[in-house]
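Visitor: I am new to this structure. Please show me how to read it, one feature at a time.

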Amino acid sequence: MDVTIRKLSGHCGAEISGLDLNRLIDVGFQALRQALSDHGVVVLRDQDISPEAHIDLAERFGEIVVNRFFTPVREWPRIAEVRTTPDQTRVIGGTWHTDHSYDSAPAKISILVAKELPPHGGDTHFASMTAAAACLSDGLRVTLRELSAWHSDQTFAGSNVVKGFDDNAFRGGSLHPVLIRHPESGAEALYVNGDFTTHFDGWSEAESQPLLDYLYRFATQPIFTCRVQWTPGAVVLWDNRLVQHYATADYPGHSRLMHRITVEGEPLGR
Ligand code: SIN
């Protein structure tokens with residue numbers, strides 16, 4: 001096995017070659033897991049991964065959590081469809097966010113597989129929340145270490161990019177520290193996002209919004225990001241405790257289809 005790793009930017013993302021996800025041996029999986037821990041986002045090209053291998057890979061990280069708002073792939077209900085049709089102007093994940101942060105044990109790993117790509121565009125951006133946390137002023141970091149924030153799935157209500165759902169899909173809010181410790185590496189990361197965070201615990205929404213807006217702007221500065229250009233057969237894994245992501249809606253009139261599996265994490269601590 002000859003694994004090579006090429007960083008995509010200063011703070012997050014790496015392309016890894018020398019692994020075959022359809023025949024992943026243990027030592028290859030360990031290299032992949034380490035790269036994900038080191039870089040937050042890992043890109044593997046020319047994989048043409050089968051749905052079975054996609055599920056197997058996810059299960060090596062933990063238990064699959066089926067997204068209750070997305071349409072499942074017909075033959076593979078544990079895989080979610082991330083589909084854009086030519087008439088859509090908004091896309092799933094088209095704003096900076098963290099998958100499933102509204103859950104009390106939020107998703108750790110997401111694995112996205114390219115099935116059908118537009119002729120141009122449709123890139124996915126990632127931003128390092130560990131770099132953002134490290135670059136905050138000492139004063140703000142100390143303040144944020146004391147705070148927790150509520151995250152809610154209610155933002156899906158009225159959304160036209162996810163499937164129709166009944167009110168039972170909504171579970172209300174979950175509370176997480178604003179600065180979390182990564183359960184495996186111990187790295188400190190900012191954990192608030194514009195899609196799902198509603199307010200700081202003990203603060204009103206009006207009081208919370210100015211500081212949250214500042215944190216969203218700060219954390220998604222280009223210096224903290226990398227950009228993944230999709231190619232046929234590509235697979236991208238990311239750790240939702242280390243990065244946020246953003247799907248670019250710049251291909252009107254074209255379709256894009258991705259398959260996503262999300263792996264359940266554990267409750268987050270500081
Ligand atoms: C997502 O938010 O999980 C989708 C990202 C993408 O489609 O690029």
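Visitor: What should I know before starting?

Guide: This is a predicted model, in which local features need pLDDT of at least 70, side-chain atom pairs count only at pLDDT 80 or more, and totals for chains, interfaces and linings use all residues. Residues are numbered from 1 along each chain as its sequence is written, and side-chain values use heavy atoms, with hydrogens and water left out.

Visitor: How do I read a sheet?

Guide: Strands of a sheet pair through backbone hydrogen bonds, either parallel or antiparallel. Strands here are DSSP runs of E with at least two residues, helices are runs of H or I with at least four, and both are numbered from the N terminus. Two strands pair if DSSP finds at least two bridges between them.

Visitor: Which strand order does the open sheet of three strands have?

Guide: The order is 10-9-13, and the pairing is antiparallel. Strand 10 (173-177) and strand 13 (197-200) are the edges, each pairing on one side only. On average, neighbouring strands are turned by 30° against each other, direction ignored. That angle is taken between axes, which are lines fitted to C-alpha atoms (for helices, over the stretch in contact); angles run from 0 to 180 degrees between N-to-C directions.

Visitor: How many bridges join strand 9 and strand 13?

Guide: Strand 9 (residues 148-152) pairs with strand 13 over three bridges. His151 stands opposite Thr197 in strand 13.

Visitor: What does a hairpin look like here?

Guide: Take strand 1 (residues 4-7) and strand 2 (residues 14-17), an antiparallel pair with four bridges. Thr4 stands opposite Ser17 in strand 2. Six residues lie between the strands of this hairpin, where Gly13 takes a positive phi near 90°.

Visitor: Which residues of helix 2 are buried?

Guide: In helix 2 (residues 51-61) they are Pro51, Ala53, His54, Ile55, Leu57, Ala58 and Phe61. Their cover includes helix 1 (26-39), strand 6 (76-84) and strand 17 (256-264). Just after the helix, Gly62 has a positive phi of about 155°.

Visitor: How do I read a core?

Guide: In soluble globular proteins, nonpolar side chains tend to be buried together. A nonpolar core is a set of buried Ala, Val, Leu, Ile, Met, Phe, Trp, Tyr and Cys residues joined through side-chain atoms within 4.5 Å. The largest one has 27 residues; Leu136, Leu144, Val178, Leu190, Val192, Phe200 and Leu215 touch the most other members. Elements giving two or more residues include helix 3 (129-135), helix 4 (138-145) and helix 5 (205-219). Helix 5 gives the most, with six residues. Apart from this core lies another, of 26 residues, among them Leu21, Leu24, Ile55 and Ile111.

Visitor: Where is His100?

Guide: His100 is in the loop between strand 6 and strand 7. This histidine is buried, with a relative accessible area of 3%. The side chains of His100 and Asn67 make a polar contact of 3.0 Å. Such a contact is a pair of N or O atoms within 3.5 Å; within protein, one must be able to donate a hydrogen and the other to accept it, and residues adjacent in sequence count only if both atoms are side-chain atoms.

Notes: Buried means under 20% relative accessible area, exposed over 50%, partly exposed in between (1.4 Å probe, protein chains only). Contact means heavy atoms within 4.5 Å.
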